Amino acid sequence: GSGGYGGGGGFGGGMDGGMDPDNPEKAIFAIKEAYTAKGKNAQFQAILYNKVHRQTAHEVNRLKKKPPGLDIQQFKLGLENNPDPENLIPVVAYGFADLKKRINENHITAFSNLQKKINQLKKKIEDMKNEHVRIVEQLIPAAKKRHNNLKHRLLKVMGALEQHRAARCPLMSAEIDFLKQLVQIRRELRRPTMFSSKLQELDSIVRIQEDISSDAAIVLDTENLRSVHAFLHRQTKGLKHLTDVLQKNLRDIRIIENGLADRA
């Protein structure tokens, strides 16, 4: 970790005292010492702070255990200006090279911490997404079941409303015409000779064919036998179709009679 700038020097300050106008060599040497990073008379020194373990901070700040790289004056100044003695200890940066190194280290540390935080957030988002998917998948069957129940209830309500509306309104002309057709069909179905004679005729034909097929003395060739089978198949198909039509018409008539009874 790092702290801020505190104590120390900067450029200037004390360099004039070491220069002698009568001794140019000494003056040049003093200038060189002023710009030497860790020279005795270095003019640019900055006291910074590193974040360390609490035990190390306690040893330095409370027990006055001077870390390496600091002289007595720098250590004393660092202790006086320490903003967080529980976590920080003083260090000295000499020149721009130390500052640049510290900036780069702080940049690397900050980027690493930021990347860790981003990874943690990504993992948290992924976990939340998976949990959301799991919860939704658990809720879907119940939602579908409820939707079907509500759909059936809605259809019942719509049917009841339609019946209530129809009971209060007279029949339309198209409905009256359709009713007349159904009544006529019912009358025809109730005529005793309409279909009963046809059914008896077909039944007699089937019985004759059954008697013929059961008589061992009668022998039919292949062509006649095929014709008989085709005839029986047509008659059977016709009987089945007629039966289906009769049953459907009877059901329709019962439904219409019930509707008319409700309106009455």
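Here, a residue is buried at under 20% relative accessible area, exposed at over 50%, and partly exposed in between (1.4 Å probe, protein chains only). This is a predicted model, in which local features need pLDDT of at least 70, side-chain atom pairs count only at pLDDT 80 or more, and totals for chains, interfaces and linings use all residues. Residues are numbered from 1 along each chain as its sequence is written, and side-chain values use heavy atoms, leaving out hydrogens and water.

**Helix α3**

Helices (H or I, at least four residues) and strands (E, at least two) are DSSP runs, numbered from the N terminus. In α3, which covers residues 72-80, the buried residues are Q74, F75, G78 and L79. They lie on the same side of α3 because they cover an arc of only 130° around the axis, taken from the directions from the helix axis to the C-beta atoms. On the face turned away from that buried side, you will find the exposed residues I72, Q73 and E80.

What do the buried residues of α3 pack against? Their partners are β1 (45-51), α2 (54-61) and β2 (88-94).

**Two residues to look up**

| Residue | Place | Relative accessibility |

Leaving aside neighbours within four places in sequence, N82 is in contact (heavy atoms within 4.5 Å) with Y49, N61, L88 and I89.
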